[in-house]
Each structure stands twice: as structure tokens, then as C-alpha cells.
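Student: Please walk me through this model, one feature after another, and show me how to read each of them.

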Amino acid sequence: MAAAGAEARGAWCVPCLVSLDTLQEVCRKEKLTCKSIGITKRNLNNYEVEYLCDYKVVKDMEYYLVKWKGWPDSTNTWEPLQNLKCPLLLQQFSNDKHNYLSRVKKGKAITLNNNKALEPAIAEYIVKKAKQRIALQRWQDELNRRKNHKGMIFVENTVDLEGPPSDFFYINEYKPTPGISLVNEATFGCSCTDCFFEKCCPAEAGVLLAYNKNQQIKIPPGTPIYECNSRCQCGPDCPNRIVQKGTQYSLCIFRTSNGRGWGVKTLVKIKRMSFVMEYVGEVITSEEAERRGQLYDNKGITYLFDLDYESDEFTVDAARYGNVSHFVNHSCDPNLQVFNVFIDNLDTRLPRIALFSTRTINAGEELTFDYQMKGSGDISSDSIDYGPAKKRVRTVCKCGAVTCRGYLN
Ligand SMILES: C[S@@+](CC[C@H](N)C(=O)[O-])C[C@H]1O[C@@H](n2cnc3c(N)ncnc32)[C@H](O)[C@@H]1O
Ligand SMILES: [Zn+2]
Ligand SMILES: [Zn+2]
Ligand SMILES: [Zn+2]
């Protein structure tokens, strides 16, 4: 079966050597759906190579074992190289093979048995890598379907075979648990004609406007942000509407290469003091946080974020429900800083948590914040809740900062 599409194969199903018309006819008679046997509109007359599984040389001809998109593994076929019109997949196959040899086998360069076939372990690794790529692409598509902000979310793993997390659900805003009500209608709104110069929402709360004309935060950490809300007369271009517009930057969830699991990097340059993302998750009571803290392992506990701006009643748990902030790692010298934000909910027990850059962050740099919030002269008492004083093995910090404190907790 060639990969060149209709012109190479016509409408023939080569694995079973019947014409696709006949196959469809059989399906109708047998009451099988085309989907159940892998025929879709897309591949009916145009087979698509999903990935390449193996390689061999027969009579000086190179062949690749092809997994056809929409068809089960049992229909994989060996195709001569000259029939394959998928340069990207061929390149990926070659890269994966080299990565396997350099990493897994640490340079032991036996690629082929008598140069005629791949070692089964290599082929197995290449297939796993191909399946991982498909799973991560699907997850990336899902994240982008779910997110409601401007910045795109990318997913990348060039490090190991880890796929998408199995028990993580993307949300855009706090998810209150039963019994907790998040008021989404402010009790006060301004009627300024220019929120930058007039006594606006922050003044009503007794604080300064948080932003300068360049949308950068100018108030010290620990000071709350009061943004204009749905009751205000001002429009979307008001300079006091920043966090509510969501993440503007394209970010990438990537696999770290030094054993910190997933991390987040920015794909674009971020100016200093700019809003980057919100920390969201389930909103739970502190009693529930205590209970979950007992059940969670060391990693689970790092997702618990106490809302202790003014009271100690609530905690945000981003372990299962969260946004990109779920994947942001800790650093003892972070480039993100936490701020409490009030927009439509003015209840001081339930601030929203926003992460702002502390300095210019270049494209490609990892984003981090200090899980203990002590790093950047923060005077607020927000902190990740490490649970009751139960004996836990401390997690060694791999942030790599000169000022690293050695442990996460
Ligand atoms: C809130 S999660 C961050 C996302 C996580 N890396 C993942 O793969 O989903 C916190 C966990 O990430 C890892 N981690 C984060 N920062 C770290 C650091 N500086 N050093 C070592 N491990 C870190 C630890 O396993 C920690 O329990
Ligand atoms: Zn306004
Ligand atoms: Zn206002
Ligand atoms: Zn550290």
C-alpha cells in the first residue's frame, strides 16, 4: 500500500484486497458501521500514514512498517521507502531512533541486525514515542478548546515517555465545592469617565490603583488589587481591567530535564511586572484542606494554596482541577509573584490569586513562583499549605538558583 493517496492505490483496501465500494457494500449487508472497521470519509480514498513503526532492508530495498490512520494495528503494512510521502514522519522516526541510541543505550551504536532490521527494543520505543506524540497533541487541542483566554497553550515532551496527566481537568476559574458560594456580582461599581485619574474602585477599597499606563503592576507585593467590575461604567479598555482579561501570552507545558516533572515556559517575551496567569482550582474550606492534606502525597500537597489574605477559611486546591498554573514549578529565586485580586467578588475571604512577572522574562524561559512566598520581599502571608505537622519526607529543591534553600517544604 503506498502512501501517495488515491492515485497510488485507487479505492482499494490493500490489506484485504477488496475495493472500498465492495467493503462498504459488505458493511451495509453485515450491518457494520464503516467506523467500526476503520473507514472514515477522510481515509476512504486517501490513506494517511499515522506513524512509522519499524524498518527493514530486503534485497537492498528499504521498507517501513506503516500504521495507517483510522485503521487498527492488524492492518499495518510494510511499504517501500520510495512510496512514502511523509518526510516529517520519516524525520521523526530517525530522530527517535537516534534519541533512543544516545539516551537509552547510552551510545552503544548497534542500530541494525546485519543492517537489515531494527532491534525490537528500538522499534518498540519508536512506537511508544509516536503514540505519546499523538496523545500529547490531543491533550494540547483539548486545553486550547477549554481555555477562554487569548494566549495559546502548547505541550512538549522531548525528555521521556510521559503522556498527558490522567486525573487533571482544565478550568478557567475557581470551582467552588458544595457549600461555598462565590458571589459574582460586585456590590459597588465606579462611574468614572477616566479610571486612571479619578477616584475609582481601588480608592473605594482604600488602596491605590494597581497598574501604570503600560499595564504593569506598580503596587508592592502584599497590597490587594481592586479591578473595575461588571457594575462599573467604564468599558473593556479601562486601565484597571487586567487580570480579568486572562493570560495574553502563549505558554508551553514542557517536560523538565532534571526530574521536576512538567513545567511551564513562556514562548514570548514578557515585560517586567506584567500579569501572566491566575492560580485557579477547587475552592475548599480549610477543614477540607486539612483532610485532603492528610491523604495527599508530597506532590499533592503542593497544589494546596491557602487564601489567607484576611482570614484562614478557604484554600484553593489545584490538584485535579486547574489551569496552566497547576504545572508551574517552584523556585527559590522565582520570576513570578503572587497578588490577591478582587473583581466581581469583593469578599475578602475569597481573593483571586494572580501571578505577575517580577522581571523581564525572555521567550523560552521557565516560569516559576516561590511555593513558600518568602522569596521576593513578599509581605503577604499566602503560602502553599503543607498540611499538619505530619512527618513527611522533605522534597529536595532542584530550582538551581544560587540562593536555593535546598528544600521545597
Ligand atoms: C505544583 S506541582 C508542579 C507541576 C509538576 N512538576 C508536575 O509535573 O505536574 C509541584 C511538584 O513539582 C515538582 N517540583 C516543583 N518544583 C520543584 C523544584 N524546584 N524542585 C524539585 N521538584 C519540583 C515536585 O514534584 C512538586 O511536588
Ligand atoms: Zn474602570
Ligand atoms: Zn471601576
Ligand atoms: Zn530552590
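**Reading the zinc sites, strands and surface**

Student: Let me begin with one cysteine: is C195 buried or exposed?

Tutor: C195 counts as buried, because its relative accessibility is 5%. Buried means under 20% relative accessible area, exposed means over 50%, and partly exposed is in between (1.4 Å probe, protein chains only). Bear in mind that this is a predicted model, where local features need pLDDT of at least 70 and side-chain atom pairs count only at pLDDT 80 or more, while totals for chains, interfaces and linings use all residues. Residues are numbered from 1 along each chain as its sequence is written, chains are lettered from A and ligands numbered from 1 in the order in which they are written, and side-chain values use heavy atoms, with hydrogens and water left out.

Student: Which residues coordinate the zinc ion (ligand 2)?

Tutor: A donor is an N, O or S atom within 2.8 Å of the metal (3.2 Å for Na, K and Ca), and water is not among the atoms, so sites may look incomplete. Here the SG atoms of C195, C228, C234 and C238 coordinate the zinc ion (ligand 2) at 2.3 to 2.4 Å. Along the chain these donors follow the spacing C-x32-C-x5-C-x3-C. C195 lies in the loop between β10 and α6 and C238 in the loop between β11 and β12, so the pair ties together parts that are 43 residues apart in sequence. Like C195, which is buried, C238 is buried, with a relative accessible area of 7%.

Student: Helices and strands came up just now; what counts as one?

Tutor: Both are DSSP runs numbered from the N terminus: helices are H or I with at least four residues, strands are E with at least two.

Student: What is the arrangement around the zinc ion (ligand 2)?

Tutor: Ideal angles at a metal are 109.5 degrees for four tetrahedral donors. Four donors count as tetrahedral if all angles lie between 85 and 135 degrees; four count as square planar and six as octahedral if opposite donors are over 155 degrees apart and all others between 65 and 115; anything else is irregular. The four donor atoms around the zinc ion (ligand 2) subtend 107 to 113 degrees, which makes this site tetrahedral.

Student: Where does the zinc ion (ligand 3) lie relative to the zinc ion (ligand 2)?

Tutor: The two ions are 3.7 Å apart, and C228 coordinates both. The donors of the zinc ion (ligand 3) are the SG atoms of C190, C201, C228 and C232, at 2.3 to 2.4 Å. Their sequence spacing is C-x10-C-x26-C-x3-C. C201 lies in helix α6 (residues 201–204) and C228 in the loop between β11 (225–226) and β12 (251–255), so this pair ties together parts 27 residues apart in sequence. C201 and C228 are both buried.

Student: And what are the protein donors of the zinc ion (ligand 4)?

Tutor: They are C332, C397, C399 and C404, each through SG, lying 2.3 to 2.4 Å from the ion. Angles of 103 to 117 degrees among the four donor atoms make the site tetrahedral. In sequence the spacing is C-x64-C-x1-C-x4-C. C404 counts as partly exposed, at 28% relative accessibility.

Student: Let us turn to strands. What covers the faces of β22?

Tutor: In a regular strand the side chains alternate between the two faces of the sheet. In β22 (residues 366–369), E366 and T368 on one side and L367 and F369 on the other are all buried, and both faces are covered.

Student: How do strands pair with β22?

Tutor: Two strands pair if DSSP finds at least two bridges between them. Two bridges join β13 to β22 in antiparallel fashion, with V264 and L367 as bridge partners. Strand β19 (residues 329–330) also has two bridges to β22, but runs parallel, and N329 stands opposite T368.

Student: What is the strand order in the open sheet of four strands?

Tutor: The order is β10-β15-β17-β16, with mixed pairing. β10 (175–176) and β16 (304–307) stand at the edges, each with a single partner strand, so one side of each is left without a neighbour in the sheet. Four bridges join β15 (residues 282–285) to β17 (residues 314–317), antiparallel, and E282 stands opposite D317.
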